[in-house]
Amino acid sequence: MTTLRVAIIGAGPAGIFTADLLRNSEHHFDVTVDLFDRIPAPYGLVRYGVAPDHPRIKGIVNSLRQVIDQPGIRLIGNVEFGKDIDLADLKRHYHAVVFTTGAIRDAELRLPGIDLPGSFGAGSFVSWYDGHPDVPREWNLDHRVVAVIGNGNVALDVTRMLARRPEELRLTEMPNSILEQFERSRVTDIHVFGRRGPLQVKFTPLELRELGELPEVDIILDERDFGPDPAGELARSTNKQTQVVDRVLTAWRSRQPTGAKRRVHFHFHSRPVEILGTDRVEALKFERTESDGAGGAKGTGKFDQIEVDAVYHAVGYFGSALAGIPFDEHRGVIPNRAGRAIDDNDQLVHGVYASGWIKRGPVGLIGATKSDAMETVQSLLGDQADWWTPSEPDPDSVLKMLDERGIRYTGVEGWHRLDQHELALGVAEGRERIKVISREEMTAISRGERFGSVAETVLNSGGEN
Ligand SMILES: Cc1cc2nc3c(=O)[nH]c(=O)nc-3n(C[C@H](O)[C@H](O)[C@H](O)COP(=O)(O)OP(=O)(O)OC[C@H]3O[C@@H](n4cnc5c(N)ncnc54)[C@H](O)[C@@H]3O)c2cc1C
Ligand SMILES: NC(=O)c1ccc[n+]([C@@H]2O[C@H](COP(=O)([O-])OP(=O)(O)OC[C@H]3O[C@@H](n4cnc5c(N)ncnc54)[C@H](OP(=O)(O)O)[C@@H]3O)[C@@H](O)[C@H]2O)c1
């Protein structure tokens, strides 16, 4: 039996599903997988993207955990490809590599005024409230009137997090230092902008409906946005999701404001064109659009503006280039055929594969990364003649190399230690979990370098948890 050693870079859902399929699909190889992540914790955007008030979705980690606990799969955290290890290292130790590095950056939105203070990428906000270790710990929630650009689920997450009463967030895994900032939030009005019509939104029905169920929040729609739209009618009659979204919006149209403390205003057919202000965000200028009859929107030449104190743009995510690996600058992905990386000359790059958002772009739910992984794994297993020939295939040699470089990598036992630690922090406050956000603390706890009782840790964490 041939032993196949595969490195997977990125322990988000795509990486974990890939590892599972490599180990467990039918083939005649003895496969071992090393699953690297730059963070000393697995699960990617399930941990650092899915909103903290969605514990049911975060619960998918329970099935992902069963994969990383399998023999033959080694989690190696706190190791960044491109900084701590490179392609030459991988070629010495493995037969092939699968990149599953996802996308964490905000897609660029080219608008005049986008760099003004008070203009934020939704991805940065999400990373902050989800306690990503590598982002600043402070967020300015002093603004009263906020615009959110985009009609996708991330825009809904951002809107809901800004609109929710802080006491509801108290039940989540959110660290106290972040909760306290939400408690000081002055946000009263959130204006959500979509450049197309209400029948072209990318919201999913469940998430949209949830917004309308928030206590002490009024939803305000503009009747002018609901004019005739033949392409929208067609979508409604053929697409179940559009039908349900339409039903939710239609029900909201007849709602009367209750005088709630916070309001969410939807502006469809409104294409932002400029963020106005001299030394901070003061207003958002937008052009009214109308249906182009084919599902798109065209400008009407009529402009309007509203005064806002901050703008969050939620217009999608974007992948990052990896050293020595082909990258499509336009789409933010590793160019590939069925998961096999291809170079600028359209030639296969032997031994290099991709899966998940870095393969297909930053769209789709967690479950979709599984079908991605199936295709990529099938390609990899069928390519035996093109695999690398590692000079140091012994599983210990890669760990020795990391040790020699002074890299404080973490393993699956370390993750269980950190996981237990976070659960214990939660118990102390009657919550399921409280996240640790400092990279140093995550690493030290994982590596068993810092123990102590939960109470001691809370005291020592300097208010970080
Ligand atoms: C804000 C937000 C909320 C979402 N909410 C939901 C939801 O509620 N339900 C749902 O079904 N889907 C949701 N999604 C979509 C879901 O998160 C994605 O479909 C899924 O996470 C993509 O998986 P992935 O493994 O490709 O990427 P990721 O989850 O991003 O995982 C990539 C991993 O690679 C690691 N990595 C990156 N670069 C390197 C490197 N150089 N070296 C080592 N490691 C590296 C990262 O640390 C990360 O752990 C959400 C997405 C976002 C952005
Ligand atoms: N709870 C959940 O299930 C959940 C939560 C968060 C994210 N996700 C998933 O994660 C993926 C990413 O979500 P996302 O919200 O980042 O992306 P998305 O679904 O692609 O939505 C992006 C939105 O930004 C708009 N947009 C893009 N460029 C724009 C511009 N220049 N000006 C104005 N608007 C612009 C798009 O409008 P157009 O449609 O007109 O292009 C669209 O409304 C999605 O698959 C989503 O479902 C799921």
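1. Ala, Val, Leu, Ile, Met, Phe, Trp, Tyr, Cys and Pro count as nonpolar, Asp, Glu, Lys and Arg as charged, and the others, Gly among them, as polar. By these classes, the shell around ligand 1 holds 19 nonpolar, 13 polar and four charged residues.

2. This is a predicted model, in which local features need pLDDT of at least 70 and side-chain atom pairs count only at pLDDT 80 or more, while totals for chains, interfaces and linings use all residues. Residues are numbered from 1 along each chain as its sequence is written, and chains are lettered from A and ligands numbered from 1 in the order in which they are written.

3. Start with the domains. The assignment, automatic or from a database, gives domain 1 (2–104 + 319–409), domain 2 (107–317) and domain 3 (411–465).

4. Now ligand 1. It is surrounded by 36 residues (C-beta atom, placed from the backbone, within 6 Å of the ligand). The closest are Gly10, Gly12, Gly44, Gly102 and Gly356. Helix 1 (13–24), strand 2 (29–37), helix 2 (44–48) and helix 7 (153–163) each give two or more residues to this shell. Helices (H or I, at least four residues) and strands (E, at least two) are DSSP runs, numbered from the N terminus. Domain 1 and domain 2 each supply at least three residues of the shell.

5. Where does ligand 2 lie? Domain 1 and domain 2 both give residues to its shell, so ligand 2 lies between them. The shell has 24 residues, and Gly150, Asn151, Gly152, Asn153 and Val154 come nearest. Helix 7 gives the most, with four residues. By class, the shell around ligand 2 has eleven nonpolar, eight polar and five charged residues.

6. Look next at helix 1 and helix 14 (residues 368–381). They pack at an angle of about 45°, with axes 8 Å apart. Axes are lines fitted to C-alpha atoms over the stretch in contact, and angles run from 0 to 180 degrees between N-to-C directions. The two helices are therefore oblique to each other (under 35 degrees is roughly parallel, over 145 roughly antiparallel, 65 to 115 roughly perpendicular, the rest oblique). Residues in this contact include Phe17 and Leu21 of helix 1 and Ala373 and Val377 of helix 14 (C-beta atoms, placed from the backbone, within 7 Å). The contact divides into eight nonpolar, three polar and two charged residues.

7. Last, domain 1 and domain 3. Their centres, taken over C-alpha atoms, are 27 Å apart. Twelve residues from domain 1 and ten from domain 3 make the contact. On the domain 1 side, strand 3 (residues 73–77) gives the most, with four residues.

Technical notes
Two residues are in contact if their C-beta atoms, placed from the backbone, lie within 7 Å.
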